[in-house]
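Welcome, and please open the model in your viewer. We will go from stop to stop, with something to select at each one.

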Amino acid sequence: MSQTEEPDEEAVEEPDPADPAGVVDYDALEALLGDAVVRRERHLNAEAFVVRADRVQDALSTLRTEAGFDHLSNVTAQEYHDRFESIYHLKKYDDPTQEVSVVVPTSRDNPVSESAEPVFRTADWHEREAYDLVGIDYDDHPDLRRILLPETWQGHPLGRDYNQDKPQIVEFEENVNPLADDHRESDTMLVNIGPHHPATHGVLHLETVLDGETVLDVEPDIGYLHRCEEQMAQSGTYRHQIMPYPDRWDYGSAGILNEWAYARVAEDLNDIEVPEYAQVVRTMSAELCRIAAHLLALGTFCLDIYGDFTAIFMYAMRDREVVQNILEDLTGQRMMFNYLRLGGVVWDLPEPREEFFATVREFLDDLPNRVDEYHDLITENELFQLRTVGTGEIDAETAKQYGVTGPVARASGIDYDLRRDDPYGYYENLDWDVITDDGGDNYSRLLVRMREVEQSARIIQQCVDLLEEWPEDEREIQANVPRTLNPEPDAEVYRAVEGAKGELGIYIRSDGTDKPARFKIRSPCFSNLQALPEMSRGEYIPDLVATLGSLDIILGEVDR
Amino acid sequence: MIGLLKSMATTMKHALDGKTFTVEYPEEAPDVSPRFRGIHKFSQERCIWCRQCEKVCPNDTIQIVTDDKRQGEQYNLHVAQCIYCRLCEEVCPVDAILLTENFEFTGDTKHDLVYNKEQLGNVPWYKDIDPLASREPDRSAWVGEGEGEVDYQ
Amino acid sequence: MATTPVAVAEWLGYATPPLWLQVVLAAVVSGVVVTVMLTTSALAGPWAKRKITAMFTDRIAINRNGPAGIFTIAADSVRLMSKELIVPDGADRPAFDVAPAILPLSALLGFAVIPMGSGLQLADPEIGLAYVFAVSSIASVGMVVGGYASGNKYSLLGSMRSVAESIAYEIPLVITAASVVLLAGSLRLSDIVAAQQGTLVSLGPIAIPAWYGFLNPFALALFLVASLAEVGRNPFDIGEAPTEIVGGYITEYSSIYFVLFFLGEFLHIFLSAAVLTTLFLGGPAGPGPAWLGIVWFGVKIWAVFLFTQWCRAAVPRVRIDQMLEIGWKGLLVLSFANLVLTAIIVGVIA
């Protein structure tokens with residue numbers, strides 16, 4: 001049922017015959033796109049084609065069908081002093097190191113560009129966000145409404161003319177009254193699941209149209225937890241002030257994984273080399289975070305299916321507690337770690353090191369028993385299988401359309417893991433497997449997470465072995481990084497890491513100062529949640545709730 | 001059916017072994033790690049009023065007022081909005097700031113959680129743990145001195 | 001065996017007590033019994049539930065108020081009763097106010113005919129078993145009325161689910177009970193208990209009593225599963241399903257109305273445990289003198305309660321369609337098979 005692949009096999013296997021070396025031939029792509037291209041730009045991660053605003057669909061569908069760029073990873077919108085710009089970051093699911101960006105400039109007076117939604121479904125929400133926060137209009141977009149802010153909000157907060165100091169009050173009456181006009185069709189009923197509901201894992205609002213108990217349509221309404229993390233990052237300095245905040249995106253214990261996303265992009269932007277020792281420490285701590293995050297996902301998923309405070313939830317919390325204690329010893333906090341620094345990590349392992357290693361090893365040795373216990377409790381339980389097998393299904397093609405990544409994508413048979421496919425940290429040198437499963441249902445997603453916990457344990461095991469042997473005088477935890485970082489003006493970079501929920505990417509444009517001019521977060525939960533209607537149409541309410549649980553979204557990351 | 005019984009047996013096993021993993025707080029306070037970042041402690045004696053902590057703080061938690069000779073008059077901390085990132089401790093050149101292990105502090109209003117420099121100086125250690133001792137090996141990366149005893153009071 | 005009011009009258013010296021005395025005595029005795037039932041079961045129930053759940057989930061549970069947190073029961077009662085009673089604007093009154101009373105009422109009516117041992121039985125009609133099922137199924141009316149009158153969609157969904165569940169599982173429940181009636185040859189509950197006295201087999205020093213649960217464990221299992229559904233406990237707690245439809249029919253109820261619903265549910269668990277005990281576990285039978293009957297009866301119904309809590313910790317909630325499938329395609333067929341087989345066996349032996 002499940003297949004595993006060695007990480008190094010992928011390097012040998014090359015999916016696109018046009019690029020045998022795995023290097024994108026940008027000249028050939030430019031020729032392919034023809035007169036849609038106005039000019040070319042160089043971004044640090046990939047070449048970018050500047051495309052006319054009325055030829056976006058053309059360009060994207062050519063890149064998708066003829067050049068194999070099937071993953072619209074992110075859409076960044078920004079305003080310059082003379083123009084608006086939408087950047088479509090494209091990748092390949094088969095090889096995410098092959099990247100290309102499509103830049104679409106529009107004038108400030110009339111910021112209209114063609115929507116990418118007909119080519120990539122995932123562009124739907126991304127473009128709504130761009131419209132909401134920056135103010136670009138997308139022609140052809142099926143449903144261009146605000147997505148994060150309330151409908152009645154005035155202005156676009158990330159635009160240049162926006163007065164950020166002026167508070168706005170959104171009165172409740174101006175929201176849609178949930179009680180008025182609740183019959184969309186004669187036989188259906190609109191139910192608002194959330195924003196206050198026991199199973200929405202945060203403040204999520206699902207506008208659900210029911211026919212009896214069957215879900216006819218569901219529309220996620222997000223933005224209740226929007227804190228404009230992007231704006232916060234744009235007002236912080238690269239060197240210090242941004243790093244504490246990624247912890248607060250995916251706050252379900254995945255802090256270090258998020259920090260790594262920022263560390264990776266900022267280190268690329270500023271050309272910082274991270275010492276090998278620090279990379280190993282980073283890898284170990286990040287995988288500890290992944291275990292904690294997956295255990296939380298497992299516990300809450302079972303909570304949705306079993307109801308109330310059931311044993312499995314508490315057992316998962318208990319095991320997560322052990323990981324959190326280890327992380328507390330290492331980083332000083334249980335969830336808001338702030339452990340990574342540009343160029344390394346803030347602290348070496350706690351002294352006495354032997355004691356720390358012993359604690360970690362004790363946890364790792366006990367883990368197989370724990371996993372067996374979960375299998376006894378959950379996966380082998382027939383009633384649980386009855387509830388999860390074949391529910392919330394999504395096939396690989398649809399998942400790719402929605403830009404689904406992480407365990408959700410891997411459970412649909414998409415063999416995509418940035419730790420292996422776009423290596424960073426110390427993952428390349430370690431021996432571990434990418435877990436995939438073909439089921440595509442709630443059961444597969446749970447199974448993939450459980451197996452990933454085992455793989456993370458393998459990685460930690462190897463890291464601990466390495467760290468124990470590491471010579472004392474070579475334990476360099478930080479590269480020499482200047483106190484103030486001023487990257488090249490107008491440098492643009494988009495980089496992603498494999499977060500707990502999937503591809504967590506960050507786009508930064510610098511303007512030569514010590515703060516980013518544009519800081520855009522590509523949240524895996526945002527894209528994964530977008531696929532929820534596909535998974536739950538035609539199913540029962542309990543399956544909708546279970547599917548939502550199996551997506552493992554953290555609203556802090558969806559809304560940012 | 002077998003799987004169902006197995007999961008019931010597993011929970012029963014947990015019920016009968018009598019082990020619990022929760023603790024009876026506050027009678028039994030949890031151990032925090034030596035590196036734990038709790039409330040801010042400030043040493044007026046050591047502070048040279050360089051304002052680096054104020055500058056590095058990501059969300060304006062620290063407020064420093066100096067006179068025209070750049071001598072410190074006030075040092076206020078809005079504890080309620082502190083995110084315990086420890087950047088202030090990290091940049092302090094003279095070890096005048098320490099994040100103690102103490103996490104047990106409350107206030108009835110927002111104003112109760114604005115601490116001035118006297119209050120910050122009197123923040124108690126948690127369970128008498130001296131955080132400096134436990135962090136010493138790592139602090140040399142940040143602090144130039146590193147030699148001798150550091151007296152905070 | 002005489003019912004408690006009659007026995008008391010005889011003790012007072014009336015050989016054939018007049019009707020007025022019977023009524024007065026029945027009222028007094030039932031008042032006492034109800035108070036005792038309420039305090040022991042419905043109030044200790046939530047406390048025990050918290051303790052038991054904590055055991056299953058490796059936690060400490062309540063322990064601050066009194067020994068083992070026992071006084072939390074009093075604190076909880078005060079807390080719940082002193083809360084503000086919120087009646088939603090769209091509520092359909094007085095249906096909204098009537099519904100909470102129906103649930104505990106129907107359960108208490110059911111207890112009237114249960115032989116609880118130690119001579120405690122308020123009434124012993126010939127059709128005792130039919131009466132229990134009849135009054136306990138009134139509870140569904142309370143759920144429907146409450147769910148509908150709340151004017152909340154979750155409540156409506158919850159009440160619809162509850163009714164579907166009650167209908168689907170009431171039939172297997174009654175059919176399975178009918179197999180016991182075949183064995184005992186009577187609907188009178190005291191007769192059914194009496195029929196279970198005696199020994200099934202003697203294994204050396206251990207004598208296995210002739211309880212119908214031992215005689216026909218298959219029927220016991222069927223009855224247990226159907227009871228779980230009937231009282232809406234895991235894996236069949238879909239009527240409330242907090243993680244799906246928030247709280248089902250009790251979503252909009254607060255304060256004392258909530259207490260009544262809560263109480264009613266606990267009483268129903270204990271009532272179905274009492275029926276199960278009466279039908280399959282020999283009622284108040286147990287070693288020791290006869291006055292210990294109520295103790296044994298209590299032990300048995302608490303064991304059934306413990307089982308429901310155990311299921312709650314370990315068994316996932318099924319979906320509405322799966323629940324109906326299990327009910328109509330599984331339990332119904334099995335319960336009829338059980339009835340037919342029992343009838344054949346009883347016919348052959350008798």
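Which residues are linked in a network of salt bridges? Select E213(A), R387(A), D543(A), R161(C), D237(C), E244(C), R317(C), R319(C) and D321(C), and you have them on screen. A salt bridge here is a side-chain nitrogen of Lys or Arg within 4 Å of a carboxyl oxygen of Asp or Glu.

Before moving on, a word on conventions. This is a predicted model, where local features need pLDDT of at least 70 and side-chain atom pairs count only at pLDDT 80 or more, while totals for chains, interfaces and linings use all residues. Residues are numbered from 1 along each chain as its sequence is written, chains are lettered from A and ligands numbered from 1 in the order in which they are written, and side-chain values use heavy atoms, with hydrogens and water left out.

Now zoom in on D543(A) and R319(C), whose side chains form a salt bridge with N and O 2.7 Å apart. The pair crosses between chains: D543(A) sits in helix α17 of chain A, and R319(C) in the loop between α13 (293-314) and α14 (320-349) of chain C. Helices (H or I, at least four residues) and strands (E, at least two) are DSSP runs, numbered from the N terminus. Both D543(A) and R319(C) are buried, where buried means under 20% relative accessible area, exposed over 50% and partly exposed in between (1.4 Å probe, protein chains only).

Next, show the whole contact between chains A and C, with 36 residues from chain A and 27 from chain C; contact means heavy atoms within 4.5 Å. Four salt bridges are counted between these two chains. One to display is R318(A) with D58(C), at 3.3 Å between the closest N and O atoms. On chain A, β9 (189-193), α7 (276-306), α8 (311-331), α10 (382-388) and α17 (541-551) each supply at least two residues to the side touching chain C. The largest share, five residues, comes from β9(A).

Stay with chain C and select R188(C) and E126(C), a salt bridge at 3.9 Å from N to O. R188(C) is in the loop between α7 (153-184) and α8 (189-195), and E126(C) in the loop between α4 (95-111) and α5 (128-136), so the pair ties together parts 62 residues apart in sequence. R188(C) is partly exposed at 24% relative accessibility, whereas E126(C) is exposed at 59%.

Finish at chain B, which has five helices and five strands. Pick out E90(B) and R86(B) there: they form a salt bridge at 3.4 Å between the closest N and O atoms, and both are buried.
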